[in-house]
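User: Got a model to look at with you. Can we go through the helix packing and then the voids?

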Amino acid sequence: MLAEIKKSAEKFAPRLIEIRRHLHAHPELSGEEHQTSAYIAGVLSSCGLNVTEAVGKTGVIGDLAGSGSDSRTLAIRTDMDALPIQEHLELDFASRQPGIMHACGHDVHATLGLGTAMVLSQLSGKLPGNIRFLFQPAEEIALGAKWMVEDGVMEGVDAIYGVHVFPSIPVRRVGIRYGALTSAADELEIVIQGESGHGARPHQAIDAIWIASQVITTLQQAISRTQNPLHPIVLSIGQIEGGRAPNIIADYVRMVGTVRSLHPESHANLPQWVENIVQGICQTYGAKCQVNYRRGVPSVHNDQILTQIIETATREAWGDDSVQILPDPSLGAEDFAIYLDKVPGCMFRLGVGHQNKTNYPLHHPKFEVDEDAILTGVVTMAYAACKYWQVAA
Ligand code: NI
């Protein structure tokens, strides 16, 4: 099976580079992936897949039927949206959309989904069960997975794979992590209402700016004293506004921030924990407050068996050196986690780092992948999909 997959992927490789370059030159923002999804639907149809468009607003599904001997369905999810960044690369296929760029590699992800569909469509008689390819919009605004799930794409699906490129992993390598891969990301808004007064007479006022500074300091200190140190949490206040003049005590402060956590227990407790601290401080100093804690995406937690399948597939396809076991999870967020609320799954990282060139990070205007990664990604994904039917019970 492996030899067949490799041969077929090598045959398709030049076409896949073309596809990736087309997608790179025509990036579209989150929720506006109209041309991208039409293009993807066209490629999927030409491989004989059953295509459904306009799923999850601008998403696409491609269904590949297996031989029918196994009733399970495996989903493979790739995303396809770009970012509001002006590209600073001099490439023949550089972005033709001013101010929009595939700076997170979702052009490569969509290509990997298509490549895997091309390779597996040639083997479909030999696949015991069905494969559903999900081309998801709006990952960058963490809404696309929710839209897809709301439209029922996970009905009848038993497991899911996803992939993200990573410039700090060299090309031809696959980054694997068991358990937590990315963090939960919640949003926090705190509004403090004090009472205005003269800057010279603080005792006649309730200083919202001073109280806000107590809130920020206490939240940071309380993480280290009241939260389990083995369960990482990052709380960052990224924006703060309040006050009008040097000699007027501010009666109002609003601040917003992000809260990242890896452990489900911390994630569950954080809204009440923040509320208690903020209320306690504001009450002590006579201010009123409002805490709006908005749950974002949960943590991506990779399933043991499905991760093992990716690891074994990588070792067999590319040798032991190609596997990079990732020691740490990331406090970044990924809405792939939304699918994992429904079924077990695994997201792996695909190395796209150039050997002798600066590798700029994701979301950088000079982010550039080594395209050799496409072959590695397609073979790994297709071979892992074949193994799923043998291993996962
Ligand atoms: Ni991304």
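User: Which residues of helix 7 meet helix 9?
Analyst: From helix 7, the residues are Ile 305, Leu 306, Ile 309, Ile 310, Thr 312, Ala 313, Thr 314, Glu 316, Ala 317 and Trp 318. They meet Leu 375, Thr 376, Val 379, Thr 380, Tyr 383, Ala 384, Lys 387, Tyr 388 and Val 391 in helix 9. Contact means heavy atoms within 4.5 Å.

User: How does that contact split by class?
Analyst: The contact of helix 7 with helix 9 has 13 nonpolar, 4 polar and 2 charged residues. Nonpolar covers Ala, Val, Leu, Ile, Met, Phe, Trp, Tyr, Cys and Pro; charged covers Asp, Glu, Lys and Arg; the others, Gly among them, are polar.

User: Before I go on, what are the ground rules here?
Analyst: This is a predicted model, where local features need pLDDT of at least 70 and side-chain atom pairs count only at pLDDT 80 or more, while totals for chains, interfaces and linings use all residues. Numbering starts from 1 along each chain as its sequence is written, and side-chain values use heavy atoms, with hydrogens and water left out.

User: At what angle do helix 7 and helix 9 cross?
Analyst: Roughly 125°, with the axes of helix 7 (residues 304–318) and helix 9 (residues 373–391) coming within 8 Å. Axes are lines fitted to C-alpha atoms, for helices over the stretch in contact, and angles run from 0 to 180 degrees between N-to-C directions. Helices (H or I, at least four residues) and strands (E, at least two) are DSSP runs, numbered from the N terminus.

User: What do you call that arrangement of helix 7 and helix 9?
Analyst: Helix 7 and helix 9 are therefore oblique to each other. Under 35 degrees is roughly parallel, over 145 roughly antiparallel, 65 to 115 roughly perpendicular, and the rest oblique. The crossing of helix 7 and helix 9 is right-handed. Right-handed has the near helix turned clockwise from the far one by less than a right angle; anticlockwise is left-handed.

User: Next pair. How do helix 5 and helix 6 cross?
Analyst: At roughly 135°, and the axes of helix 5 (residues 208–226) and helix 6 (residues 264–284) come within 10 Å. Helix 5 and helix 6 are therefore oblique too. Their crossing is right-handed.

User: How many charged residues in the contact of helix 5 with helix 6?
Analyst: There are no charged residues, with 11 nonpolar and 3 polar.

User: And helix 1 with helix 3, what angle?
Analyst: About 145°, with the axes of helix 1 and helix 3 (residues 106–121) 9 Å apart. Helix 1 passes helix 3 in a right-handed crossing. That contact divides into 11 nonpolar, 4 polar and 3 charged residues.

User: How many cavities of 30 Å³ or more?
Analyst: The structure holds 1. His 22, Leu 23, His 26, Glu 28, Gln 35, Thr 36 and Tyr 39 line the largest cavity. Helix 2 supplies the largest share of that lining, 3 residues.

Definitions and conventions:
1 Å grid on protein atoms, 1.4 Å probe; cavity = no way out; pocket = protein on both sides within 12 Å on 5 of 7 lines; lining within 4 Å. Points joined across faces, edges and corners; volume = space filled by probe spheres on them.
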